[in-house]
Amino acid sequence: MRGFPATEEVFSVFVSFSLLCFSLCRSDSSMWFMFFFFIFFVQIGVFIISAVGIEKSGYSGFIYATEIFGKNKPVGAICLVVAGLWTLLAVIGAVALIVVHRHYRSSGLSVAQAKGELKEKSM
């Protein structure tokens with residue numbers, strides 16, 4: 001029984017959306033930056049859930065690794081390495097989000113502009 005989406009689904013959906021939004025951000029559109037922040041923030045959340053390894057989530061994080069480590073040490077060690085890599089991916093994603101946010105704030109764009117652009121484009 002699967003709880004959360006499979007790793008392949010997460011990467012294919014969120015990574016492609018975040019790359020699409022980031023490429024659209026090059027037009028200095030505040031609205032596209034907001035979409036990028038939302039999608040990338042959700043992606044980092046999925047990475048954190050993966051690193052934690054909640055039971056029946058389908059991810060081998062720290063919780064799952066410690067449970068398995070008592071039963072089978074080699075598999076537990078592999079799961080700990082995978083959990084460490086998920087943690088590293090979450091940290092790298094958070095740093096990338098901070099860098100893009102600094103670029104967003106230094107370019108003079110604002111949330112008010114994003115709301116205005118969304119309102120303008122939806123009409």
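Is the crossing of H3 and H4 left-handed or right-handed? The crossing of H3 and H4 is left-handed, a crossing being left-handed if the near helix is turned anticlockwise from the far one by less than a right angle, and right-handed if clockwise. The structure is a predicted model, in which local features need pLDDT of at least 70 and side-chain atom pairs count only at pLDDT 80 or more, while totals for chains, interfaces and linings use all residues. Residues are numbered from 1 along each chain as its sequence is written, and side-chain values use heavy atoms, with hydrogens and water left out.

The protein has 5 helices and 0 strands, where helices (H or I, at least four residues) and strands (E, at least two) are DSSP runs numbered from the N terminus. Along the sequence the pattern is α-α-α-α-α. Of the 123 residues in the protein, 30% are buried; buried means under 20% relative accessible area, exposed over 50%, and partly exposed in between, with a 1.4 Å probe and protein chains only. Among contacts (heavy atoms within 4.5 Å) between residues at least 6 apart in sequence, 58% join residues at least 24 apart.

The packing of H3 on H4 may be taken next. Helix H3 (residues 62–71) and H4 pack at an angle of about 165 degrees, and their axes are 7 Å apart. Axes are lines fitted to C-alpha atoms, for helices over the stretch in contact, and angles run from 0 to 180 degrees between N-to-C directions. H3 and H4 are therefore roughly antiparallel to each other, on a scale where angles under 35 degrees count as roughly parallel, over 145 as roughly antiparallel, 65 to 115 as roughly perpendicular and the rest as oblique. On the H3 side, the residues that meet H4 include Phe62, Ala65, Ile68 and Phe69; on the H4 side, Val75, Gly76, Leu80 and Ala83 are among those that meet H3. By class, the contact of H3 with H4 has 10 nonpolar, 3 polar and 2 charged residues. In this classification Ala, Val, Leu, Ile, Met, Phe, Trp, Tyr, Cys and Pro count as nonpolar, Asp, Glu, Lys and Arg as charged, and the others, Gly among them, as polar.

Leaving aside neighbours within four places in sequence, glycine 76 is in contact with Ala65, Ile68 and Phe69. From glycine 76 to phenylalanine 62, 14 residues apart in sequence, the C-alpha to C-alpha distance is 9.5 Å.

H4 also packs against H2. The angle between H2 and H4 is about 160 degrees, with their axes 9 Å apart. That makes H2 roughly antiparallel to H4. The crossing of H2 and H4 is left-handed. The residues of the contact of H2 with H4 comprise 19 nonpolar, 6 polar and no charged.

Rings of Phe, Tyr and Trp (its six-membered ring) pair if their centres lie within 6.5 Å; planes under 30 degrees apart count as stacked, over 60 as edge-to-face and the rest as tilted. By this rule the count comes to 3 aromatic pairs. Phenylalanine 47 and tryptophan 86 form a tilted pair, at 5.8 Å centre to centre and with 40 degrees between the planes. Phenylalanine 47 lies in helix H2 (residues 30–52) and tryptophan 86 in helix H4, so this pair ties together parts that are 39 residues apart in sequence. Both phenylalanine 47 and tryptophan 86 are buried. Elsewhere, ring pairs link Phe36, Phe37 and Phe40 into a cluster.

Tryptophan 86 also touches serine 50, a residue placed in helix H2. Because its relative accessibility is 0%, serine 50 counts as buried. Beyond four places in sequence, the contacts of serine 50 are Tyr59, Ser60, Gly61 and Trp86.

Methionine 31, likewise placed in helix H2, has a relative accessibility of 7% and so counts as buried. Not counting residues up to four places away in sequence, methionine 31 touches Ala114, Glu117, Leu118 and Lys121.

Valine 111 is found in helix H5 (residues 111–122). With a relative accessibility of 42%, valine 111 counts as partly exposed. Apart from neighbours within four places in sequence, valine 111 is in contact with Met34 and Tyr104.
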